Amino acid sequence: PPHGVNPANASLDRVRVDSGGQRLTTNQGVPVADNQNSLKVGLRGPTAMEDFILREKLTHFDHERIPERVVHARGSAAHGYFESYGDLSDITRAAPFAAAGKRTPVFVRFSTVAGERGSADTVRDVRGFAVKFYTDEGNWDLVGNNIPVFFIQDAMKFPDLVHAVKPEPHNGMPQAASAHDTFWDFVTLMPESTHMLMWHLSDRAIPRSLRTMQGFGVHTFRLVNAEGASVFCKFHWNPLAGTHSLMWDEAAKICGADADFHRRDLWEAIEAGAYPEWELGLQIFTEEEAERFPFDVLDPTKLVPEELVPVRVVGKMTLNRNPDNFFAETEQVAFCTAHVVPGIDFSNDPLLQGRIHSYLDTQISRLGGANFHEIPVNASLAPVHNNQRDGMHRQAIARGRVAYEPNSLGGGCPFQAGMAGFTTAASSRPQPPEDKVRGKPELFADHYSQARLFWISQSPAEQAHIVNAYRFELSRVQTPAIRVRLLSMLANVDPILAEGVAQGLGLEVPPPMPLATDAEQPHYDPSPALSLLAR
Ligand code: HEM
């Protein structure tokens, strides 16, 4: 292949083990003569304490499980590669986009959000779409979802959202994301979730296959070129097989018939050589353009309509190898929004800013200490050199005497790269100094314009599915006030939608929820944005 990159991540060959036909040993490499019988004092006597083979086998088994991910516990993954269609160095110095035909190995994990590790695949839920690019300049993780917006605008609310979404603490139900009171209680008190809910109740949340889902980076990111100039960017993955969903009754039936429906489909397609493919698209816009949009690009409950900024297709991802071992790869992989490479930078989106902290933090506990970057599936293909040392399960054997700088003793100390364009994207707009503040920008308070935009973009059949989904989910909510609150939210989106859901629940549509519920947004006037996005 071009640039000598093996598409299926050949670097893992150094740790791929095949024990077929090999002599059985202990973990110390000692041959095991009998793997059926423990060592006893006489055939009917007690087991000897000295049976280190039995004890090693049981002890290792006792510690086989690690904690599942706090969210996105259920997932399926595959290896592949990304191929750039062109040279994008005018807008980003990120290594994967350096030349037409350049290939970068990837590992991709798809997931549901709410269910536990063994939950069913075809539930109504958001799907994770996390891509690890093993670039020449280190790992870049694009940790996205199959829906382009999110429930909340600020990382401060994430633990509350997840506590509301997850099975309820007293009885551990339900595994499905949304069919319960705590979820609907929280989101109806959080009108910023209205747009995301529209997608969540649409067919998008019951994909036909992992191979037929779009993926989105969700947040606004920055691309930075070698001169340090930057533009804003939204990332899109478009499946070449098309975007397809299940019907709700199909999804519900498959849940019972085959809990592994999506996992099996991905595995079998790759085994059969029908490699799933996605094109990567970028929406690129400047800060000046962003200031003229009728919404704030730092608000993750908003998308950038393609009518405003078209999607530029820049490359293709192909998944062409199943993992050899589910635990070693799919379970131990650690994606992190903080993993960016020179040429990719963050925006000030307050949800993204919190994520930059959370992933590494949770993985220290999920994967046992600070050295999980050495686990083969997480290891960078670019060489790693720094003065970090020790910690649980350290693999690398650092040579030399010094692990500090500056120093005058060691020959083996790494030096600073001092490269241009490495996450140093200064804003191109002069920013006045500002005081610290807990709050949010005015445009963040427009919770309904884009929800309405989504509703009117749907075909009549798709609209009917959304109405039916709201009816079904809300009919399972026990607390009447929650249903009424939901209807008052929907009354701000569209009267036909609100009426359709109300009829199904045997209720009248109540007055619409006040437009700005946040005490910090008293002066917000949504009319300019509404007129721009009006029907
Ligand atoms: C997984 C936190 C928002 C996509 C996770 C995990 C945590 C987390 C702690 C488990 C990671 C692990 O154990 O390896 C957060 C926080 C958020 C947030 C604090 C908001 C403040 C989002 C958003 C997206 C997203 C907006 C999509 C754009 C994912 C995906 C995974 C994940 C795809 C699964 C990664 C995998 O397959 O291993 N998140 N998350 N998260 N999150 Fe988020």
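I began with the ligand and looked up which elements supply at least two residues each of the shell around the ligand: strand 2 (103-112), strand 3 (127-135), strand 4 (138-145) and helix 9 (350-366). Helices (H or I, at least four residues) and strands (E, at least two) are DSSP runs, numbered from the N terminus. I note that this is a predicted model, in which local features need pLDDT of at least 70 and side-chain atom pairs count only at pLDDT 80 or more, while totals for chains, interfaces and linings use all residues. Residue numbers start from 1 along each chain as its sequence is written.

I found that helix 9 gives the largest share of the shell, eight residues. By class I recorded 13 nonpolar, 10 polar and four charged residues in the shell (Ala, Val, Leu, Ile, Met, Phe, Trp, Tyr, Cys and Pro count as nonpolar, Asp, Glu, Lys and Arg as charged, and the others, Gly among them, as polar).

I then turned to helix 12 (residues 480-490) and helix 13 (residues 495-505), which pack at an angle of about 160°, with axes 8 Å apart (axes are lines fitted to C-alpha atoms, for helices over the stretch in contact, and angles run from 0 to 180 degrees between N-to-C directions). Helix 12 is therefore roughly antiparallel to helix 13 (an angle over 145 degrees). I listed R483, L487 and L490 of helix 12 as making the contact with L497, A498, V501, A502 and L505 of helix 13 (C-beta atoms, placed from the backbone, within 7 Å). I counted seven nonpolar, no polar and one charged residues in this contact.

Conventions. Angles under 35 degrees count as roughly parallel, over 145 as roughly antiparallel, 65 to 115 as roughly perpendicular and the rest as oblique. Two residues are in contact if their C-beta atoms, placed from the backbone, lie within 7 Å.
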